[in-house]
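I opened my notebook to record what I looked up in one structure. The entries follow in the order I made them.

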Amino acid sequence: MRWSPTGNKSGHFDLIAWLLDKYPEFRQNIFGCLEFDMNVLNTWMRSLPNFAIPDAPTPERIQWIERLLVIRKEKLQSVLDNRN
């Protein structure tokens with residue numbers, strides 16, 4: 001998701017920062033997006049190759065997704081912390 005008031009491309013985290021500046025009452029709602037157990041999610045994702053599904057992710061792909069989610073979760077937490 002992208003947003004830009006000037007027509008220049010802005011990223012997802014820019015949008016979240018703008019939303020927090022404009023609508024600070026939504027901070028808790030956005031913070032709620034971070035309240036999930038990463039270990040539970042990782043366990044679920046690691047089981048996906050065991051299912052007979054088309055294009056099941058490889059263990060390497062799952063590890064990449066896990067790392068990406070950690071980075072994005074930390075970045076979102078940073079945006080929230082900086083807009084407190």
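**Entry 1: the largest pocket.** I started with the lining of the largest pocket, which is made up of His12, Phe13, Ile16, Ile30, Cys33, Leu34, Phe36, Leu69, Arg72, Lys73 and Leu76. I note that the model is predicted. The space in this pocket comes to about 180 Å³. I then sorted the lining residues by kind and got 8 nonpolar, 1 polar and 2 charged.

Which helix gives the most to the lining of the largest pocket? I found that H4 does, with 4 residues. Helix H1 (12–22) and helix H4 (59–82) each supply at least two residues of the lining.

A probe the size of a water molecule, rolled over the atoms, shows where empty space is left.

**Entry 2: the chain as a whole.** I counted 4 helices and 0 strands in the protein chain. Along the sequence, the pattern reads α-α-α-α. The protein chain has 84 residues, and 23% of them count as buried.

**Entry 3: a patch on the surface.** I looked up which residues form a nonpolar patch on the surface, and they are Trp18, Tyr23 and Phe26. Together they have about 270 Å² of accessible area. I followed up Tyr23, which sits in the loop between H1 and helix H2 (27–32). Is Tyr23 buried or partly exposed? Its relative accessible area is 31%, so I put Tyr23 down as partly exposed. The class of partly exposed residues lies between the buried ones, under 20%, and the exposed ones, over 50%.

**Entry 4: Asp55.** I checked the loop between helix H3 (38–47) and H4, where Asp55 is placed. The phi of Asp55 is near 55 degrees, a positive value in a residue other than glycine. I made a note of this because most residues other than glycine have a negative phi. Asp55 counts as exposed because its relative accessibility is 77%.

**Entry 5: Asn84.** My last entry is on Asn84, which I found in the segment after H4. Is Asn84 buried or exposed? With a relative accessible area of 75%, Asn84 is exposed. I also looked up how Asn84 is placed relative to Asp21, given that the two are 63 residues apart along the chain. Their C-alpha atoms are separated by 9.5 Å.

Technical notes. Residues numbered from 1 in each chain as written. Predicted model: local features only at pLDDT ≥ 70, side-chain atom pairs only at ≥ 80, totals over all residues. Heavy atoms only, no water. 1 Å grid on protein atoms, 1.4 Å probe; cavity = no way out; pocket = protein on both sides within 12 Å on 5 of 7 lines; lining within 4 Å. Points joined across faces, edges and corners; volume = space filled by probe spheres on them. Nonpolar A, V, L, I, M, F, W, Y, C, P; charged D, E, K, R; others polar. Buried < 20%, exposed > 50% of the residue type's maximum accessible area, 1.4 Å probe, protein only. Patch = residues over 30% accessible without salt bridge, like charges linked within 9 Å, V, L, I, M, F, W, Y side chains within 5 Å. Areas by Shrake-Rupley, 256 points an atom, 1.4 Å probe, with all protein chains shown as cover. Salt bridge = Lys/Arg side-chain N within 4 Å of Asp/Glu carboxyl O.
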